[in-house]
Amino acid sequence: DRSSSDRATVQHVRVDHRVTVFEFLLALYAIVAGLGVSLLVTSVGQLIEARDRVRLYWVHSCWIALTFVGHVVSWFTIWRFHEHAPWTVLQALLLLSVPILLYLISHLAVPDLEDDRSHDMRDYYFRHARWTQGLLLGVVVAGALSHFVIDNDFDLSGARGVRASIALILLPGIVSLNPRVHAAQAVLLCAAIAVAATYLSRPIG
């Protein structure tokens with residue numbers, strides 16, 4: 001009868017559907033990326049809550065915004081690999097290293113503000129600046145390597161050119177803690193993000 005036929009069809013669909021390697025990696029990526037975004041948003045909420053005890057620094061605020069953009073952009077860029085097969089361990093590690101590094105940056109974004117002490121974000125920023133920028137450079141390098149290893153393509157045009165420019169902008173801030181260097185970096189990085197925003201009108205995938 002019809003009900004038996006429907007059950008057979010459902011069973012057939014269940015048997016035929018297998019989780020692909022990309023879907024498995026996507027699940028891991030989503031977990032790590034979600035934790036990073038949650039941590040970053042929580043930190044911003046703590047900044048707002050402790051605003052009477054916090055002295056803000058515009059460069060630090062720019063870095064929080066850039067970290068959030070990095071999370072969002074990295075999440076959508078992995079969709080380009082949804083038809084890739086087969087996957088190697090190296091490819092998977094490179095892909096997953098991006099949200100892991102972004103999570104670490106999110107962890108360093110804001111200090112613990114539950115100690116009822118006053119905090120100067122300028123001092124905090126420069127205390128962790130080299131680590132933060134080194135980790136972000138690691139994100140850029142890992143992203144570029146994953147594209148090269150998975151796609152076997154080293155093209156620096158378009159959005160990848162923006163990624164290369166971001167890597168070059170980060171280098172001086174890792175070497176120097178001069179406030180003027182970091183202020184110039186913040187302006188240039190925001191400009192690079194503004195250029196990257198021109199790709200927002202393109203369909204995802």
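Biologist: Which residue does R80 form a salt bridge with?
Modeller: In this predicted model, R80 forms a salt bridge (a side-chain nitrogen of Lys or Arg within 4 Å of a carboxyl oxygen of Asp or Glu) with D151, and the closest N and O atoms are 2.8 Å apart.

Biologist: Where in the chain do R80 and D151 sit?
Modeller: R80 is in the loop between α3 (58-77) and α4 (89-109), while D151 is in helix α5 (residues 121-151), so the pair links distant parts of the chain, 71 residues apart. Helices here are DSSP runs of H or I with at least four residues, and strands are runs of E with at least two, numbered from the N terminus.

Biologist: How many salt bridges does the structure hold?
Modeller: The structure holds 2, and the other pair is D120 with R55, whose closest N and O atoms are 3.5 Å apart. D120 lies in strand β2 (residues 119-120) and R55 in strand β1 (residues 54-55), so this pair ties together parts that are 65 residues apart in sequence.

Biologist: Is R55 buried or exposed?
Modeller: R55 counts as exposed at 57% relative accessibility, whereas D120 counts as partly exposed at 22%; buried means under 20% relative accessible area, exposed over 50%, and partly exposed in between, with a 1.4 Å probe and protein chains only.

Biologist: Changing topic, where is confidence lowest?
Modeller: Confidence is lowest in helix α1 (residues 2-16), at a mean pLDDT (the predictor's confidence in each residue, from 0 to 100) of 52, and highest in α4, at 94.

Biologist: What are the ground rules?
Modeller: Residues are numbered from 1 along each chain as its sequence is written, and side-chain values use heavy atoms, with hydrogens and water left out. Local features need pLDDT of at least 70 and side-chain atom pairs count only at pLDDT 80 or more, while totals for chains, interfaces and linings use all residues.
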